[in-house]
Amino acid sequence: MHYICRFIRVSMINIIPAIDVIDGKCVRLTKGDYNQKKEYSAKPLDMALRYQDIGVRRLHLVDSCPKNLRVLEEIATRTSLDIEWGGGIKCDEALRDAFNAGANHLIVGSVAVANPQLFARWLDDFGGDRLVLGADVEGILNDRKYGFIAGALEETLQEGNVDTTRRTR
């Protein structure tokens, strides 16, 4: 551990821990599958405070169905963490609500694929320094490029200039 900490300080690597939130609880989903959910006993604020206490400056906070804005607001007001927030941001209202609740940066992914004009407008309106393009990438299979959107629930296939999307669950 000492070697890793020394390496991080010397190399200026930023480690951004993630907290996934469902129903106000810390969880971990396997490939976006709600049936493969593991709940943790720690509350999101407690985890954020622990991260802050060990020197973390930025937090990746994911709300799988954007209704936990109170969690975002609590962490934003009770810590000094730079928060990037994501999950289900597909419209102007959700974007404004997350910024108003305390997010410094917003993670968007699905909207960039499903509605690139809206994503381009958000970039113009808010700037690339406030928006993070989230992309779950699976890899290349049989010379086809695969990725995932919608919290790993929709698979995208890119062949040449054609993008297709299909629901995986």
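How many contacts beyond four places in sequence does the model have for residues 148–169, over which pLDDT stays under 50? I found 56 for this stretch, a contact being heavy atoms within 4.5 Å and pLDDT the predictor's confidence in each residue, from 0 to 100.

**Basis.** I worked from a predicted model, in which local features need pLDDT of at least 70 and side-chain atom pairs count only at pLDDT 80 or more, while totals for chains, interfaces and linings use all residues. Residues are numbered from 1 along each chain as its sequence is written, and side-chain values use heavy atoms, with hydrogens and water left out.

**Confidence.** I noted a mean pLDDT of 77 for the protein, with 69% of residues at 70 or more. Residues 1–7 also stay under 50, and for them the model has one contact beyond four places in sequence.

**Sheet.** I looked up the strand order and found an open sheet of seven strands, β3-β2-β1-β4-β5-β6-β7, with mixed pairing. Strands (E, at least two residues) and helices (H or I, at least four) are DSSP runs, numbered from the N terminus; two strands pair if DSSP finds at least two bridges between them. β3 (33–39) and β7 (131–133) stand at the edges with a single partner strand each, so one side of each has no neighbour in the sheet. I then checked β1 (residues 18–22) and β2 (residues 25–30), which run antiparallel and are joined by three bridges. C26 in β2 is the bridge partner of V21.
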